[in-house]
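Morning, everyone. Please have the sequence and the viewer open while I talk.

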Amino acid sequence: MTIRTDSPEATRAVAAALGEFLLPGDLVLLVGDLGAGKTAFTQGLARGLGVDGPVTSPTFTIVQEYDGRLPLTHVDVYRLERVQDLHDLGFDELVDDGRVTIVEWGDLIAQALPADHLVVRIDPGVADNERVLDLSFYGARWLGRRVSITEAFGD
Ligand code: ADP
Ligand code: MG
């Protein structure tokens, strides 16, 4: 399904609304170029999970953890050069843990992925502040929620 936004706040609001549907153990992958809005989306998702305080992408931190209605792990794999680095990081355990995991630059880790995940692809639109968000559902865990999530976004 496709959702268009016209500001960073609108992207955060979409992500916050998605946050209502999240369950422990969920994995959300964000795909898109630098400046697409992956961190903005993560900020909204964190808000939707009731996380207090700022969500950022510091230069040298790959994994950050936050407490909310569900605990949130934010992974930015931009700087990881090899899939092996993810195993060194304990990526499988991060996802299994009963937390929500959101990964920026998720397409770089395709080989390391569990079958159940949501992909949010963010592309630029025609106008400067326009973004096109495309959600793809993979695995029974996400396909089961597809209709309710699609309806919530009025598609
Ligand atoms: P990424 O994490 O993908 O590199 P960021 O979220 O850090 O991207 O930055 C997105 C940039 O695009 C910000 O400067 C933000 O203000 C801008 N922007 C403009 N319009 C939008 C929009 N509709 N959604 C998200 N970000 C937007
Ligand atoms: Mg980012």
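In which strand is Tyr138 found? Tyr138 is found in strand S7. I'll come back to that residue.

Ground rules first. This is a predicted model, where local features need pLDDT of at least 70, side-chain atom pairs count only at pLDDT 80 or more, and totals for chains, interfaces and linings use all residues. Residues are numbered from 1 along each chain as its sequence is written, chains are lettered from A and ligands numbered from 1 in the order in which they are written, and side-chain values use heavy atoms, with hydrogens and water left out.

Now the fold. The chain has six helices and seven strands. Helices (H or I, at least four residues) and strands (E, at least two) are DSSP runs, numbered from the N terminus. The order along the sequence is β-α-β-α-β-β-α-α-β-β-β-α-α. The chain has 155 residues, and 46% of them are buried. Buried means under 20% relative accessible area, exposed means over 50%, and partly exposed is in between, with a 1.4 Å probe and protein chains only.

On to ligand 1. It has 16 residues around it, and Thr11, Gly35, Lys38, Thr39 and Asn129 come nearest. A residue is near a molecule or strand if one of its heavy atoms lies within 4 Å of it. By class, the shell around ligand 1 holds four nonpolar, seven polar and five charged residues. Here Ala, Val, Leu, Ile, Met, Phe, Trp, Tyr, Cys and Pro are nonpolar, Asp, Glu, Lys and Arg are charged, and the others, Gly among them, are polar.

Which helices each supply at least two residues of that shell? Helix H1 (8-19) and helix H2 (38-48) do. H2 gives the most, with three residues.

Next, the polar contacts. A polar contact is a pair of N or O atoms within 3.5 Å; within protein, one must be able to donate a hydrogen and the other to accept it, and residues adjacent in sequence count only if both atoms are side-chain atoms. A polar side-chain atom of Thr11 sits 2.6 Å from a nitrogen atom of ligand 1. For Thr5, a side-chain N or O atom is 3.1 Å from a ligand nitrogen. Gly35 uses its backbone: a polar atom there is 2.8 Å from an oxygen atom of ligand 1. On its own, ligand 1 has 570 Å² of accessible area, and the protein covers 74% of that. Those areas come from the Shrake-Rupley method with a 1.4 Å probe; for residues, only the protein chains shown count as cover.

Now the largest pocket. It holds about 160 Å³ of space. Of its 12 lining residues, Leu34, Lys38, Thr39, Glu104 and Trp105 are the closest to its centre. A pocket is an open set of points on a 1 Å grid over the protein atoms alone, where a 1.4 Å probe fits, with protein on both sides within 12 Å along at least five of seven lines; lining residues have an atom within 4 Å of a point. Grid points are joined across faces, edges and corners, and the volume is the space filled by probe spheres set on the points. The lining has four nonpolar, four polar and four charged residues.

Last, some single residues. Leu30 lies in strand S2 (residues 27-31). Leu30 counts as buried because its relative accessibility is 0%. Leu30 and Val119 are 89 residues apart in sequence, yet 6.1 Å apart in space, C-alpha to C-alpha.

Ile149 lies in helix H6 (residues 146-152). Ile149 is buried too, at 0%.

Back to Tyr138. Its relative accessibility is 39%, so Tyr138 counts as partly exposed. Thanks.
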